[in-house]
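Here's a friendly walk through one protein model.

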Amino acid sequence: MTGLAEIATAAGKHGLAVVGAFHPREEDLPPEGCETLILFGPGGPEMWDAFSASAEAADGAPHPMDRWSARIVGALAEQFNAEALFPFGGPPYQPFQRWAVRGEGAKTSPVAMQVTPDRGLWASYRGALALRLRIDLPDTEPTDPCAGCAAPCLTACPVDAFKDGIYNVPACTAHVQSAAGRACKDGCLVRRACPAGATLDLPVSQRAFHIAAFLSANA
């Protein structure tokens with residue numbers, strides 16, 4: 001019978017980690033018939049290594065990581081007789097932020113971005129599986145990553161782009177594209193300041209890839 005460990009092992013062969021799992025309720029807006037929802041994302045540098053070696057990373061076509069994710073998670077869905085779901089490709093979009101709360105214990109951080117206990121402000125998702133089976137899941141209670149934290153995220157941005165919990169995208173992009181924003185191109189300083197994600201150790205090249213994609217999308 002399919003189990004979480006089996007799914008995690010299969011995903012790990014492609015550099016993906018099971019970062020969350022839960023039994024959805026109606027208010028979670030799962031696909032019809034879904035009994036277990038599994039979230040995939042980077043749990044360390046392995047995903048970046050796998051993606052960097054892929055055909056999608058080298059073919060020069062748009063959205064290489066999304067296309068890689070669709071291929072890998074799609075293959076996992078076929079393997080486990082499940083439905084593949086993605087945070088991209090909309091509208092409409094799947095409610096991944098809602099699922100992150102249930103599956104990974106995500107909270108709203110002082111800068112309004114979601115933060116998780118193990119991945120801090122680096123939490124992101126490459127896809128999910130909706131299983132029609134109700135599989136056993138660990139009975140764990142996630143901790144609040146912001147409890148007792150001095151909130152260095154609030155003062156990490158050089159242009160205070162997250163003031164009052166509202167993201168000032170123009171101020172952020174203008175700074176990152178300037179000479180003064182050189183350090184930000186290696187990964188958002190606000191995300192890097194979060195103690196909860198300090199051990200995730202994402203490669204600088206991965207962080208820079210996402211910053212470049214962000215700048216392109218907001219050009």
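Let's start with Arg102, which counts as partly exposed at 27% relative accessibility (buried is under 20% relative accessible area, exposed over 50%, partly exposed in between, with a 1.4 Å probe and protein chains only). Before going on, note that this is a predicted model, where local features need pLDDT of at least 70 and side-chain atom pairs pLDDT 80 or more, while totals for chains, interfaces and linings use all residues. Residues are numbered from 1 along each chain as its sequence is written, and side-chain values use heavy atoms, leaving out hydrogens and water.

What does Arg102 pair up with? Its side chain meets that of Asp28 in a salt bridge (a side-chain nitrogen of Lys or Arg within 4 Å of a carboxyl oxygen of Asp or Glu). The pair ties together distant parts of the chain, 74 residues apart: Asp28 sits in the loop between β1 and β2, and Arg102 in helix α5. Asp28 itself is buried, at 3% relative accessibility. The structure holds six salt bridges, and here are some of them:

| Salt bridge | Closest N to O |
|---|---|
| Asp66 and Arg126 | 2.6 Å |
| Glu27 and Arg25 | 2.9 Å |

Asp66 is partly exposed at 23%, whereas Arg126 is buried at 9%. Glu27 is partly exposed at 43%, and Arg25 is partly exposed at 43% too.

How many disulfides turn up? A search of the whole structure finds zero (a disulfide needs two cysteine sulfur atoms within 2.5 Å). For Cys146, the nearest cysteine sulfur belongs to Cys149, 6.2 Å away. The sulfur of Cys157 has its closest partner in Cys172, also 6.2 Å off, so that's too far for a bond.

Now for the inside. The largest nonpolar core has 23 residues, with Ile7, Phe40 and Leu129 among those making the most contacts within it (a core is a set of buried Ala, Val, Leu, Ile, Met, Phe, Trp, Tyr and Cys residues joined through side-chain atoms within 4.5 Å). Helix α4 gives this core its largest share, six residues. Apart from it lies another core, of 18 residues, including Val111 and Cys153.

Finally, there's the pocket. By class, the lining of the second largest pocket has 13 nonpolar, seven polar and seven charged residues. Strand β1 supplies the largest share of that lining, six residues.

Methods. Helix = DSSP H or I, 4+ residues; strand = E, 2+ residues; numbered from the N terminus. Nonpolar A, V, L, I, M, F, W, Y, C, P; charged D, E, K, R; others polar.
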